[in-house]
Amino acid sequence: MITGSCLCGSVSYKISGKVGEIVHCHCKTCRKAHGSAFSSVAAVTESEFHLEGRKHLNYFESSKGKKRYFCSICGTQVYAKKDEAPHPKKPVGTQ
Ligand SMILES: [Zn+2]
């Protein structure tokens with residue numbers, strides 16, 4: 001079981017299955033969203049990704065169909081999902 005949360009702890013998650021390979025994405029929107037040279041993310045199966053504190057989640061659509069979900073209190077990005085992608089991706093730094 002993998003667990004994680006945002007910086008303030010208002011949004012947390014548990015992953016009951018396996019996490020996909022870690023990808024270090026350095027596209028422009030990931031760099032800006034994370035405020036760093038790249039973001040490190042891993043895909044998770046939606047049915048195995050159990051979120052707590054959803055009421056604190058908000059999202060920003062950084063490109064058409066790609067929503068970056070973040071904690072509305074502390075601003076930590078908790079996961080991102082493209083409309084056509086089968087799996088959400090979560091930043092590995094939130095573990
Ligand atoms: Zn937070």
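Before you click anything: a residue is called buried when its relative accessible area is under 20%, exposed when over 50%, and partly exposed in between (1.4 Å probe, protein chains only). You're looking at a predicted model, in which local features need pLDDT of at least 70 and side-chain atom pairs pLDDT 80 or more, while totals for chains, interfaces and linings use all residues. Residues count from 1 along each chain as its sequence is written, and side-chain values use heavy atoms, leaving out hydrogens and water.

Select Asp83, which is exposed at 53% relative accessible area. Asp83 sits in the loop between β8 (77-82) and β9 (89-91) and Lys67 in strand β7 (residues 66-71), so the pair ties together parts 16 residues apart in sequence. The structure has one salt bridge, so named by that cut-off.

Those labels come from DSSP runs numbered from the N terminus: helices are H or I, at least four residues, and strands E, at least two.

**Stop two: the largest pocket**

Next, select Cys30, Val41, Lys66, Lys82 and Lys89. What do they surround? Of the 15 residues lining the largest pocket, these are the closest to its centre. The volume of this pocket is about 220 Å³, the space filled by probe spheres set on grid points joined across faces, edges and corners. A pocket here is an open set of points on a 1 Å grid over the protein atoms alone where a 1.4 Å probe fits, with protein on both sides within 12 Å along at least five of seven lines; lining residues have an atom within 4 Å of a point.

Finally, colour β3 (19-25), α1 (28-34), β7 and β8, each of which gives the lining at least two residues. β8 has the largest share, with four.

Note on methods. Salt bridge = Lys/Arg side-chain N within 4 Å of Asp/Glu carboxyl O.
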